[in-house]
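Take a moment with the sequence and the model.

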Amino acid sequence: MLDFNNFKKKNICLMGLMGSGKSLIGRDLSNYLNIKFYDTDKEIELKAKKSINLIFSEEGESYFRDLEEKVCLELLKNNNCIISLGGGSIINRKIRQAIKLNSFSIYLKVNIDILLKRLKTSKKRPLLNNKKKETLERLYNERKEFYQKANLIVNNEKSKSDILKKIKLELNSYEK
Ligand code: S3P
């Protein structure tokens, strides 16, 4: 089993578009490695004392992005934890620098049509209220150059256990 104390980088960050499975995979990895798990959206909601939907509708996206920067930079100062990053956090340069400094980054890559199926009934994604496909394509195009710089890119379109197996294998070889 991976000895996290010997791991060359201190945190594991999960990146990818909405619906790519960051929280699901992150939680499982944190159980496997027995280290803490954080979800940046959850932390933002705790800090703002309101849901992501309400933050967007009452305060606007730029307020959300400012809060996202604060929360991500704070979380990224931690050691030995798994962090599921909100899909858009990667557009922020300070956040990207902080990830590079102290984290092993994993991009969960999922085809847009599969994402659309997964997000069809989601009411928790204020950016996807209408024109879902066009919006996801635009966000992907804006973000792909950053996602593609991750230390590890994993296709998360198959079963969760296959993906976890692949990530664990890669983490073990990265450690040596
Ligand atoms: C966003 C993704 C969401 C959340 C917010 C904005 C984005 O997080 O931070 O709705 O810009 O892609 P998830 O990626 O966890 O859904």
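Which residues on the other side of H5 are exposed? They are Arg93, Lys100 and Leu101. Exposed means over 50% relative accessible area, buried means under 20%, and partly exposed lies in between (1.4 Å probe, protein chains only). Helices (H or I, at least four residues) and strands (E, at least two) are DSSP runs, numbered from the N terminus.

Two notes on the source come before the rest. This is a predicted model, where local features need pLDDT of at least 70, side-chain atom pairs count only at pLDDT 80 or more, and totals for chains, interfaces and linings use all residues. Residues are numbered from 1 along each chain as its sequence is written, and side-chain values use heavy atoms, with hydrogens and water left out.

Back to H5. Its buried residues are Ile95, Ala98, Ile99 and Asn102. Viewed down the axis of H5, these buried residues fall within an arc of 100°, so they line one face of the helix. The arc is that of the directions from the helix axis to the C-beta atoms. The buried residues of H5 pack against strand S1 (11-15), H4 and S4. Contact here means heavy atoms within 4.5 Å.

Helix H2 can be read in the same order. Thr40, Ile44 and Ala48 are buried in H2. They cover an arc of only 65° around the axis, which puts them on the same side of H2. The buried residues of H2 pack against strand S2 (36-39), H3, H4 and strand S3 (81-84). Asp39 caps the N-terminal end of H2, with a side-chain oxygen 3.0 Å from the backbone nitrogen of Asp41. After H2 comes Lys49, whose phi is positive, near 60°.

Now the pockets. On a 1 Å grid over the protein atoms alone, a pocket is an open set of points where a 1.4 Å probe fits, with protein on both sides within 12 Å along at least five of seven lines; lining residues have an atom within 4 Å of a point. Grid points are joined across faces, edges and corners, and a volume is the space filled by probe spheres set on the points.

The largest pocket holds about 760 Å³ of space. Its lining has 31 residues, and Ser23, Asp39, Asp41, Lys124 and Arg125 lie nearest its centre. Asp39 is also the cap of H2. Helix H1 (22-33), helix H2 (40-48), helix H3 (52-59) and helix H4 (61-75) each supply at least two residues of this lining. By class, the lining of the largest pocket has eight nonpolar, 11 polar and 12 charged residues. Ala, Val, Leu, Ile, Met, Phe, Trp, Tyr, Cys and Pro count as nonpolar, Asp, Glu, Lys and Arg as charged, and the others, Gly among them, as polar.

The second largest pocket holds about 290 Å³. It is lined by 13 residues, and the closest to its centre are Arg96, Ile99, Lys100, Phe146 and Lys149. Helix H5 (93-102) and strand S4 (103-109) are the elements that give two or more residues to this lining. H5 gives the largest share, four residues. By class, the second largest pocket has five nonpolar, four polar and four charged residues in its lining.

Some single residues remain. Ser103 is found in strand S4. Ser103 is buried, with a relative accessible area of 1%. Leaving aside neighbours within four places in sequence, Ser103 is in contact with Lys9, Asn11, Cys13, Leu76 and Asn151. Gly88 lies in the loop between S3 and H5 and is buried, at 6%. Gly88 and Leu139 are 51 residues apart in sequence, yet 8.1 Å apart in space, C-alpha to C-alpha.

Last, backbone angles. Most residues other than glycine have a negative phi. Asn34 has a positive phi of about 55°. Asn34 sits in the loop between H1 and S2 and is exposed, at 68% relative accessibility. Asn80 also has a positive phi of about 55°. Asn80 lies in the loop between H4 and S3 and is partly exposed, at 25%.

Conventions. A polar contact is a pair of N or O atoms within 3.5 Å; within protein, one must be able to donate a hydrogen and the other to accept it, and residues adjacent in sequence count only if both atoms are side-chain atoms.
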